[in-house]
Amino acid sequence: SLGSMGEKAMEFALTKNQEKWKKIAKEFVEKYITPEVSRRDRIENAKDRIPWDWIVEADKLGLRTLGVSKKYGGEEADILTLCVVGEELAVGDLGFAVIMDQCWKMAHLFSDAMTTEQQEQFIPKFVSDPEATTAIGVTEPGAGSDHQGYYDEPDIDYRTTAVLENNHYLLNGEKHYISNGSMAKLYFIVARLDPSKTLMESGAVFIVPHDTPGFKAMGFHEKSSQRLATNGRLKFENCKVPKENILLGEGKLGELRSRYMRGSKAEAAATALGVGRAAYEYAFDYAKNRKQGGKKIIEQQAVAMMLGESAMKLDSARLQIYKAAWLADQGHPTAPVHSLLAKVNASETAFEACKVASEVLGGASIMYEHPVEKYLRDATSFLHSDGTNQMCLLRAVRAMANNSHDEVLGF
């Protein structure tokens, strides 16, 4: 049970270290992101929008390598700290927060899933390059929700394959919608070793540097949301990957997700929450200054109630994220379920907060002089990003059905 995790299981205060990193992220946003984000969001071409300068400045502060182990020069931040920092960065811009979060998620694989030889080969290169980011290649043209594991039969349209020939695996196939996809230096690519078996039975993850022969980042998807982050297309044509570059081994995809990325949904939830918070804070300040009907609109009951409800739901979603992150840091077996639920709640809450902000601003909400239209665009993405909300709920309910409901949720 949750109560058996220790005498101080119920603790709401952030640690001094978490407060420190929260402040660093907040000051970074105020200095670099806030003054420039509206202009950069409207740059026409995706390649030109990549905020390389922000990535380098974030690296100087330790934000890019926040999840990397101290042995290799990182902060070795826990999942809860990453959630706190991710929310702050997303208040400035969701796209930039996603760029950083992709690096943090893969840092879990650095420390937990790589062999010592793999760590020594790949981590120092990543840490020493201030522009280096990571990406995980899972989604394909025929497999979005189908790679989430809820439906896992051989007939899913998952076509990237890996065949062992002598000392190399040959990878063939395509990926799309990959976060950091056309800008990363190091990729973690999912492929099937036997298409006659399910993805969880035959799926494996391979470490693929960006300059590996046979691998090509084909370009960028243009989009209305997270515009400073990139989503790329990847192609593999007899891409030769040394057999030593496999993570854990063949057929270990399910284990990698459940054991080594158990808090990734909580991290995603935190970035989504940041957008909702930004929209709420902007609308609240607007309501304190905008006057209609003889009084400031925050004094109008309809507006006050909408804002109050947003504050309530945002705070509730944050607490759920923190609980999921804490459980993940403790290695609690129910952490993946809590993270799934937190991701759904945070993304829905953020979207609703952006809608409320649009209502508070009225006609002004669609004007470029206000950031609310951008917040709404950004919030839309996490209704489906990192697993559609419907799929996340189905996975969570199945886990609860296969165990005691009380054991999973701690009731």
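Me: How many salt bridges does a search of the whole structure find?

Reply: The search finds 27. The model is predicted, so local features need pLDDT of at least 70 and side-chain atom pairs count only at pLDDT 80 or more, while totals for chains, interfaces and linings use all residues. Residues are numbered from 1 along each chain as its sequence is written, and side-chain values use heavy atoms, with hydrogens and water left out.

Me: What makes Arg49 and Glu222 a salt bridge?

Reply: A salt bridge needs a side-chain nitrogen of Lys or Arg within 4 Å of a carboxyl oxygen of Asp or Glu. The closest N and O atoms of Arg49 and Glu222 are 2.9 Å apart, so the pair meets that limit. Arg49 belongs to helix α3 (residues 46–49) and Glu222 to the loop between β6 (215–220) and β7 (231–242), so the bridge ties together parts 173 residues apart in sequence. Helices (H or I, at least four residues) and strands (E, at least two) are DSSP runs, numbered from the N terminus.

Me: Why is Arg49 called buried, and what does Glu222 count as?

Reply: Buried means under 20% relative accessible area, exposed over 50%, and partly exposed in between (1.4 Å probe, protein chains only). Arg49 has 1%, so the word buried applies. Glu222 has 45%, so it counts as partly exposed.

Me: Which parts of the chain does the salt bridge of Arg318 and Glu87 link?

Reply: The N to O distance in this bridge is 2.8 Å. Arg318 sits in helix α11 (residues 301–330) and Glu87 in helix α5, 231 residues apart. Arg318, at 18% relative accessibility, counts as buried, and so does Glu87 at 3%.

Me: Where do Asp378 and Lys374 lie?

Reply: Both are in helix α13 (residues 372–381), four residues apart, about one turn of the helix. Asp378 and Lys374 are both buried.

Me: Why is α1 called roughly parallel to α5?

Reply: The axes of α1 (residues 16–33) and α5 (residues 79–92) cross at roughly 20° and come within 9 Å. Angles under 35 degrees count as roughly parallel, over 145 as roughly antiparallel, 65 to 115 as roughly perpendicular and the rest as oblique. The angle therefore makes α1 roughly parallel to α5. Axes are lines fitted to C-alpha atoms, for helices over the stretch in contact, and angles run from 0 to 180 degrees between N-to-C directions.

Me: Which residues make the contact between α1 and α5?

Reply: Contact means heavy atoms within 4.5 Å. On α1 the residues include Trp21, Phe28 and Val29, and on α5 they include Leu80, Val84 and Leu89.

Me: How do you know that Asp101 is buried?

Reply: Its relative accessible area is 4%, so Asp101 falls under the limit for buried. The residue is found in helix α6 (residues 94–112). Asp101 touches Glu267 and Ala268, not counting residues up to four places away in sequence.

Me: Why does Thr133 count as buried?

Reply: Its relative accessibility is 0%, which means that Thr133 is buried. Thr133 lies in the loop between α7 (116–128) and β1 (134–137). Not counting residues up to four places away in sequence, the residues it touches include Ile55, Cys103, Phe126, Asn180 and Lys185.
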